[in-house]
Amino acid sequence: MSHAFLNERWQNAMESLNEQIELENPAESAVPGLAEGPLDWEQMWKHYATLYVRYISIFRDLELCYDEMVHPQKRRDVKAALKSVMSRLVMLKEQLKFFGFEGSRIEYVNLDDLVINLKLDPSDLEIPVPRYFREEDDQIKPSGAKDMYILSRCMKMNESNISVPQNEPLPKFVRPMDRAEAIRIIQRNERGRQGCLRAKLMRQCRLEEKKAASKAEYEAFDIKAATTALVVGHLDRSKTRAMRKREMDFIGMFPKKYDDGKSEAAKQSDENRLQRKKVQAFNERDFATKLQMLKSKVMESDGAEINDELWEERYNWYVSYKRLNKEYPKDWSGFYRKKHLESLTPEQQAAFLALEDKKDEEKGKKKKKGKKGKKEKKKGKKKKEKAAPSENAEVTLGAPVPELVDHMHESVQKYKQVWATLDETSNFEQTFDEGIARKTVRGLVRDEICPNVDVQLLAYLNNIVGSKGKKEKKGKKKGKKAKKKKEKKAGGEEGKKEEAKEGGEAKEAKKKKKPKAKKGKKGKTSKAKKPSAGEKAVKELLGDTPEEEKLMAMVQRLVKIGIIKKLVDPKPLSELVGDMNVLGSHQQQKLDTFNDPSMAQLRACVTVHGILPLGEQYVKDMQFKVPSVPPTNTMLLVGPKGTGKTLIAKAIAYHTNAIFMDMSPKNVAGKLEGKEAAAAMAWMSFEVAKHYSGHGKPTVMYIDEVEKVWFELPKGKKAKAENKDLPPSVMKYWRKYIEEGKGGLKPNKTTGLAPRVLIVGNTARPKYEFIMKDKELKSFFGKIFFTPIPDYATRLQIWKHYINRTGLDCTELSLNRKFSLSILAHASAGYSAGSIRAAVKLTLWDSKVKKLKKMLNAGRASCVTTNEFVSALSKVPFVFKGDYEKFVAFACKMNGEAKRRKAKNNPEASAGDGKKKKKKKKKK
């Protein structure tokens, strides 16, 4: 792509972003229906859906520009805009869920009507995964380099334990059988074999009889003419095929492919992108070195001037503060507060001051509550916990948070002031601009000098104030105090020294004295927080390990046990093949049926709620700052086997370059010997994940077969575990400590950074043999996604995708009349994508693919038929209708669709249920 094309895309993105900022101005909200009494749901839906689609197009443009641009300064400004757009996209997705059809809060949004009205292509709604999540390590801090080395070293030492093959082996098709059944199968096959031989023999006999009858005809037959006709016909047919192939190649119907299955155009595109990446890396290194040189130059030339400016600015504020408040300030917090207020608009200033007033009121309430007993304190804690943002919180209406709008506005203004008017005719190679760099460097130098100026000026002013204060005190001390001074002077120098010593000893004693502990009701001293069970178990496990080596010891244990794993040959999210359902809203509104989500909707949900917050720290932090967007720390995938649940979990880790922890019952079986072992494992896992998140490395915690962890035993029955190494009692503790660990995923108090940790659950048996704890499961997993069996259109794409992956081309195979993709898509109804993949592998093994390639290259038609794939389908797992209905019922129950239908069909019954619940509460 040319530089001009990328600049144009960036310009379009900034112009459309400016339009969105004007629409979403918090002061003058353009949301229809907010100011006009009752909400008009259709208007609200259209408004937010249109915003969502527009932000997707902006996001796509900015992601492309950041990936392809080579100008280092442009890329920094594009990335700043990209972060804010990602955050707004996550918020809009939640608000769209709030305005679902008839109040149903399903995660999957049907936008097909809007796509038709806006005259867009369904592919325009595809949300791309930012490629810099995986390619760049700029989020990893220099302080975490040692910890990253520890992780990589431990994983290299234990490669045999940590490797997870992404391509899962084919399912075992052999079912258990007794001896009599096996003998019956062998006898049946033997009878069939003998029947085939008998039929062959009879066919040969009939052919011999025909030959004998037509012997006279063969004698009169001209062999030379027949041979010539046969050869000429073969040559003509091969020439025709070659001509057709050349024509198709010219049109682009049969693009030339290489051994890896890529076309020539795709190969050329990859080479161009690789070249651009090399230029990007070179320009970034050159910019970093030149920036340091420029910084030193600016420090030498303008350092003294900047120092004087900062000194004068702070001194003037110091003097004005004394005049207004009649006392000297102790620090510069008031100065920075005033500076921040000056940078805000009048409306933003009012909002900022209102927030400060609220905080002061809360502090006053806390002081009053502190005087009361412990019971009131406990109640206050409970209230705080409820106020904290949770994954199942309600979504508030209105415009985005002002902080986010400010960031978007800054990026637009910077583009208008700097890049829109810049003449780049002489900068064809797109190297850095020195004029812009000098402005940024001046700001960096200013920020570097600021802390020194603050410390030096405060010390200087305190010195002056202290000396003035002493003189004033000396002037006031007369009369009785003057006599005491004379007596002290008469004591001589020795008396002074003794007093100084006594004074110094008294000060030291005061410092050493510990503050008295507060007493409760019964006079007991208040103790520090008790360490958790997991922390105690880890302390006992690690023993006398030094504090510096504890992280390495924990990582080593997790790697040896097999909880931390390395993904081998991971696949991207695009392997979840399928397009958008263009009749989704029609089926929802007219038929009122539960629609299986399309693969495009599933990919969008996983990208928005899983990959974007996990891959970018700014998006994750913004989720905790905004009450309307509950933070996504957990995700549950529900669906039959082979529908792509494990692929999604591994794709999230692949795209975000995250640590992959396998905490599944099958993986942990035999390693959790009891309560203490479960506590230690869970605590170590979450502690390591939070530590690495603080240094810029996210973590994905994968729990397969969650039904074995969140379960409840039937009353009056003993549980028989499927695995002897995995008793239900241990799983109870494992669940308890995982829930405790999830509760600790809150922003760090010192850094303010939210932990980038995502817990992904997976279940293929929602109706487990033990009663499953649906309420606890729903409260733990904030997002629940249903992975359905593919429909006809998706199956057609899946068959084509897996056949093309073998190196063959479906268009060439379809030249054979006995092969039809449409028939295969119809015949494979009820089969998952995993079963279709297995059927393709069973039919097209490596040696067969090589033979078919030779045949096609020679100009002959392929011999592959539809019947071969159908016979392979009969050997792979099939999802029956009754089993699939259980999955749908479970998904409807978890996402609230069943409740909505019940209320719609029986409104009186649903109202009665609400009254009964209220009565029960009153009785309690």
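# Notebook: salt bridges, rings and a surface patch

I began with Glu135, which is partly exposed, with a relative accessible area of 43%. I note here that the model is predicted.

**Entry: the partner of Glu135.** I looked up its salt bridge. Lys277 is the partner, and the closest N and O atoms are 3.3 Å apart. I then checked where the two sit. Lys277 is in helix H11 and Glu135 is in helix H5 (residues 132-135). The pair links distant parts of the chain, 142 residues apart.

**Entry: Lys783 and Glu94.** I picked this salt bridge next. The side chains meet at 2.3 Å, N to O. Lys783 belongs to strand S9 (residues 783-786), and Glu94 to helix H3 (residues 72-98). They are 689 residues apart, so I wrote the pair down as a link between distant parts of the chain. Is Lys783 buried or exposed? Lys783 is buried, because its relative accessible area is 3%. Glu94 also counts as buried, at 3% relative accessibility. The cut-off for buried is under 20%.

**Entry: Lys97 and Glu107.** I stayed with helix H3. Lys97 forms a salt bridge with Glu107, and their closest N and O atoms are 3.0 Å apart. Lys97 lies in H3, while Glu107 lies in the loop between H3 and helix H4 (112-117), so the pair ties together parts that are 10 residues apart in sequence. Both residues, Lys97 and Glu107, are buried.

**Entry: aromatic pairs.** I turned to the rings. The count comes to 23 aromatic pairs. I looked at Tyr132 and Phe133: the ring centres are 4.9 Å apart and the planes stand at 70°, so this pair is edge-to-face. Tyr132 and Phe133 are both buried.

Which kind of pair do Tyr318 and Trp332 form? I found a tilted one, with 6.1 Å centre to centre and 55° between the planes. Tyr318 lies in helix H11 (residues 264-325) and Trp332 in the loop between H11 and helix H12 (333-343), so the pair ties together parts that are 14 residues apart in sequence. Tyr318 is buried, as is Trp332.

I then listed the cluster around this pair. Trp317, Tyr318, Tyr321, Tyr328, Trp332, Phe335 and Tyr336 form one aromatic cluster.

**Entry: charges over rings.** Tyr328 came up again. The charged end of Lys322 sits over the ring of Tyr328, 5.2 Å from the ring centre. I found another case at Tyr66. There the charged end of Arg75 sits over the ring, 4.2 Å from the centre.

Entry: I checked the span of H10. This helix has 29 residues and reaches 42 Å from its first C-alpha to its last. That is close to the 42 Å expected at 1.5 Å a residue. Ile251 is found in H10 (residues 223-251). Ile251 is exposed, because its relative accessible area is 53%. What follows H10? I found Gly252 there, with a positive phi near 105°.

Phe250, Ile251 and Met253 make a nonpolar surface patch of about 400 Å².

Key: Residues are numbered from 1 along each chain as its sequence is written. This is a predicted model: local features need pLDDT of at least 70, side-chain atom pairs count only at pLDDT 80 or more; totals for chains, interfaces and linings use all residues. Side-chain values use heavy atoms; hydrogens and water are left out. Patches are made of residues with over 30% relative accessible area and no salt bridge: like charges are joined within 9 Å, nonpolar side chains (Val, Leu, Ile, Met, Phe, Trp, Tyr) within 5 Å. Accessible areas come from the Shrake-Rupley method with a 1.4 Å probe; for residues, only the protein chains shown count as cover. A salt bridge is a side-chain nitrogen of Lys or Arg within 4 Å of a carboxyl oxygen of Asp or Glu. Helices (H or I, at least four residues) and strands (E, at least two) are DSSP runs, numbered from the N terminus. Buried means under 20% relative accessible area, exposed over 50%, partly exposed in between (1.4 Å probe, protein chains only). The expected span of a helix is 1.5 Å times one less than its number of residues. Rings of Phe, Tyr and Trp (its six-membered ring) pair if their centres lie within 6.5 Å; planes under 30 degrees apart count as stacked, over 60 as edge-to-face and the rest as tilted. A charge sits over a ring if NZ of Lys or CZ of Arg is within 6 Å of the ring centre and within 35 degrees of the ring normal.
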